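Look at the sequence and the structure below. The report that follows takes up charged pairs, then strands, then a few loop residues.

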Amino acid sequence: MKQIFTILALILIVGCAKTTTSSIEYEVKTTSEADSKEFVSECTSYVELETTDKSLVGEILKIKITDEDIFLLCYYNGSILRFDRKTGKFKNSIGHKGRGPEEYVNLTDFDTYDGNTYIYSNVTKKLYVHSNDGKFIKTIDVPNIICWNISIDDKGNVCFASEGVNSRVNSKGEAIKQNDYDYYIFDIDSGEYIAKYDELEEGENATPRIQGSAFIGHSNNNLYVAKAFDHTIYKMSQKGYEPYIKVKPEYNGAKTVDEVRRDPTFVYSIQEYTKSFDQFWYHMGFEESKRYIMAGFQASFDEWEGSTAMCLAKIDKQTGESKYIRLNKGKDENYPYLRYVHSRIGWLQQGMLISVVKPYWLRNDERFKHLKYDANPVLFFHKLNME
């Protein structure tokens, strides 16, 4: 079955009274994959993460890469783990779970900025600020919202994406909102919100939204955000919030997004929700150069027998041409570790694609014979071809 996806790059000029929209269309044909060499170079470097009693890495929920450090948020750890970017040596942990004045009940998300690490807890509704070497600095109250994802923009403002938004419904099938808006930009110094975007609705006529908004990248002083099942990447800053890339799939008779969202039986089950489509897109990463956009996404297609694939799309902004590759389709002799990308960790950063490979999967690679099977994973970095 032929599947064609149209990506609409939407440029909005927002005025006081009118909004002008222009669009450029791109096509991605899922029946014709591109060559991996057009997207990434062969592995340029790898880092073995040191294994100690204090640095055991479980399921990775988020990675933040800087020139000097690798920061990991892992399931059940309760702290941020910091490793050396070049050697993989464990440096320190950041933050602690607990009920003391410097501790948090849960660790929802984190980001780093200007030598400090900001940990957010949606239970206490506070930011816990530490230096990158783990020293506690202060807490900052974040009033009146419940969020699950944060990112710090280039000016040091903290951006929040709502948790659950208005996806909860009551016995009458009415959407119930937890926050007034989906996105907030917060000024740390003043303790005030300086921008709020995408106002939420509730009640009988409101469209329930599934949790899944995620900040996916920085570029050109903008922050980019993707929503699960929305098929859209948005550009956000203090100046505005607008759709930037639109992925428009052909549904081939399946329910549309709005039809499914208005059915309250689906808002509790993402698995059942995705089964309603011949395919679904969930953006997982974003990088941009003067000429190209690289957008990572997770997708499921009929011809792949219902399997979920991690994919990478490349868009030429000059010609409008768009291509894609499927990363976890199987072993690629030239790129053996491309298949080990993970859906949530932020696997496009600093012009690189990041693979996380457990030692078990490296058992036939002579370079890693010294690693025990229960050792920490190895990170592989592939340079994106975006010149």
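## Salt bridges

The count comes to ten salt bridges. A salt bridge here is a side-chain nitrogen of Lys or Arg within 4 Å of a carboxyl oxygen of Asp or Glu. Side chains of opposite charge can pair when their charged atoms come close. This is a predicted model: local features need pLDDT of at least 70, side-chain atom pairs count only at pLDDT 80 or more, and totals for chains, interfaces and linings use all residues. Residues are numbered from 1 along each chain as its sequence is written, and side-chain values use heavy atoms, with hydrogens and water left out.

One of the pairs is R82 with D69, at 3.2 Å from N to O. R82 lies in strand β6 (residues 80–84) and D69 in strand β5 (residues 69–74), so the pair ties together parts that are 13 residues apart in sequence. Strands (E, at least two residues) are DSSP runs, numbered from the N terminus. Are R82 and D69 buried or exposed? Both are buried. Buried means under 20% relative accessible area, exposed means over 50%, and partly exposed lies in between (1.4 Å probe, protein chains only). The two residues also belong to a network of salt bridges that links D69, R82, D84 and K91.

E288 forms a salt bridge with K317, and their closest N and O atoms are 2.9 Å apart. This pair links distant parts of the chain, 29 residues apart. E288 sits in strand β22 (residues 281–288), while K317 sits in the loop between β24 (308–316) and β25 (322–326). E288 counts as buried because its relative accessibility is 14%. K317 has 27%, so K317 counts as partly exposed.

D316 and R291 also meet in a salt bridge, at 2.8 Å from N to O. Here too the pair links distant parts of the chain, 25 residues apart. D316 is in strand β24, and R291 is in the loop between β22 and β23 (292–300). Why does D316 count as buried? Its relative accessible area is 6%. R291 has a relative accessible area of 29%, so R291 is partly exposed.

Now for the strands. Strands of a sheet pair through backbone hydrogen bonds, either parallel or antiparallel. Two strands count as paired if DSSP finds at least two bridges between them.

Six bridges join β3 to strand β28 (residues 378–384). Within this pair, C43 stands opposite H382 in β28.

Strand β16 (residues 181–187) is mostly covered. How many of its seven residues are buried? Six are. Four bridges join β16 to strand β13 (residues 158–162), and the two run antiparallel. V158 stands opposite F186 in β16.

Strand β17 (residues 192–199) is another antiparallel partner of β16, joined to it by six bridges. In β17, A195 is the bridge partner of I185. β16 and β17 form a hairpin with four residues between the strands. In that hairpin, G191 takes a positive phi near 70°.

## Loop residues and a surface patch

K125 is not a glycine, yet its phi is positive, at about 55°. K125 lies in the loop between β9 (116–121) and β10 (126–131). Its relative accessibility is 30%, so K125 counts as partly exposed. Q350 is also a residue other than glycine with a positive phi, near 50°. Q350 is found in the loop between β26 and β27. Q350 is partly exposed because its relative accessible area is 41%.

Y360, W361 and Y373 form a nonpolar patch on the surface, with about 360 Å² of accessible area together. Patches are made of residues with over 30% relative accessible area and no salt bridge; like charges are joined within 9 Å, nonpolar side chains (Val, Leu, Ile, Met, Phe, Trp, Tyr) within 5 Å. Accessible areas come from the Shrake-Rupley method with a 1.4 Å probe; for residues, only the protein chains shown count as cover. W361 is found in the loop between β27 (352–357) and β28. At 46% relative accessibility, W361 counts as partly exposed.
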